[in-house]
Amino acid sequence: MQQIEKTSSYKCCDYLSRTQTMVGPCDRQALCQWGYDLIAKYNFVSSSTAVVAFGYFDRFMSSDTITAKQALNDIVECQLAFVTCFVIALKIHSGFHVDSNFVANEITRDMYEVKEINRMELNVLQSLGWKLNGPTPHDFIDYFMEVMPDVDGMEFVKKLSKALVELAVTRYTTVIHYPSKIAFASICCAMHHVDVSLMNSLPLLEIVLKPLDLRDDRFRSLIKSMNRLVREVSYNLEKSAATDDEAKEDQRATRSSRTP
């Protein structure tokens, strides 16, 4: 997977800094939040689909195509590109059939016509070279956790790492990093938050990640930014788990009251 992520087809650049643009990091973050809101509305879709969509979008915006350059200088085109990347992720990653009329009428609220959506979908696919199955940070977390010892706390570390990635990738600063680095950083922060002693296992991952420079300034900056997010993510996970437990308890109580 590390060899794949380093190929030119899957690399992203600092596309908001290479030229004067009308789109900024806050616009991208707002689009990402909209993506999660959409998933919350249609709760049969996994958050991992959104992470895939963000990756498609960043790769598209990093390309030298005319359509990508237009999207950098027109927020309406940028939004259309993002919606299109989301739809592609729904089709490829989640296996859904997504009708263009549904996208136009329901998802974009008639902001875009079907022909505009279909045009952008073809442009995005061509810009990505039809390469749609590159590794994501979630894939790397699954891969890395397989080499970790099976001890108390590790299951929560994995869950926390994935949730941390889902929040971190909404920040533009993560765009320049390989998915493997984002995954490793999330695991480091999750371990430190759950139980510092778990970090004794990290040398195993450093062996796996040897081809990457994990001590450069940009990676350290990534760790710091994730550390600022980990408390919020952990709290939300624990709150969600408590809510789920309460719901299950209410269901059991309801069933018991109906039993003759």
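**Exercise 1.** How many residues line the largest pocket, and which of them lie nearest its centre?

*Solution.* The model is a predicted one. Step one is the count: 38 residues line the largest pocket. Step two is the centre, where Tyr10, Cys12, Pro135, His177 and Pro179 are the nearest lining residues. Step three is the volume of the largest pocket, about 760 Å³.

**Exercise 2.** Which elements give two or more residues to the lining of the largest pocket, and which gives the most?

*Solution.* Start with the elements that give two or more residues: they are α3 (47-62), α8 (137-145) and α10 (179-194). Then pick out the one that gives the most, which is α3, with 8 residues in the lining.

**Exercise 3.** Sort the lining of the largest pocket by class: how many residues are nonpolar, polar and charged?

*Solution.* The nonpolar class holds 17 residues of the lining. The charged class has 12, and the polar class has 9.

**Exercise 4.** How many disulfides does the structure hold? Work through Cys32 and Cys189 as examples.

*Solution.* The structure holds 0 disulfides. For Cys32, the nearest cysteine sulfur belongs to Cys78 and is 9.9 Å away, and Cys32 is in no disulfide. For Cys189, the closest cysteine sulfur is in Cys188, at 6.6 Å. A disulfide needs two cysteine sulfur atoms within 2.5 Å, so the sulfur of Cys188 is too far from that of Cys189 for a bond.

**Exercise 5.** Are Cys32 and Cys189 buried or exposed?

*Solution.* The cut-off for buried is under 20% relative accessible area. Cys32 has 1% relative accessibility, so Cys32 counts as buried. Cys189 has a relative accessible area of 2%, and therefore Cys189 is buried.

Key:
Residues numbered from 1 in each chain as written. Predicted model: local features only at pLDDT ≥ 70, side-chain atom pairs only at ≥ 80, totals over all residues. Heavy atoms only, no water. 1 Å grid on protein atoms, 1.4 Å probe; cavity = no way out; pocket = protein on both sides within 12 Å on 5 of 7 lines; lining within 4 Å. Points joined across faces, edges and corners; volume = space filled by probe spheres on them. Helix = DSSP H or I, 4+ residues; strand = E, 2+ residues; numbered from the N terminus. Nonpolar A, V, L, I, M, F, W, Y, C, P; charged D, E, K, R; others polar. Buried < 20%, exposed > 50% of the residue type's maximum accessible area, 1.4 Å probe, protein only.
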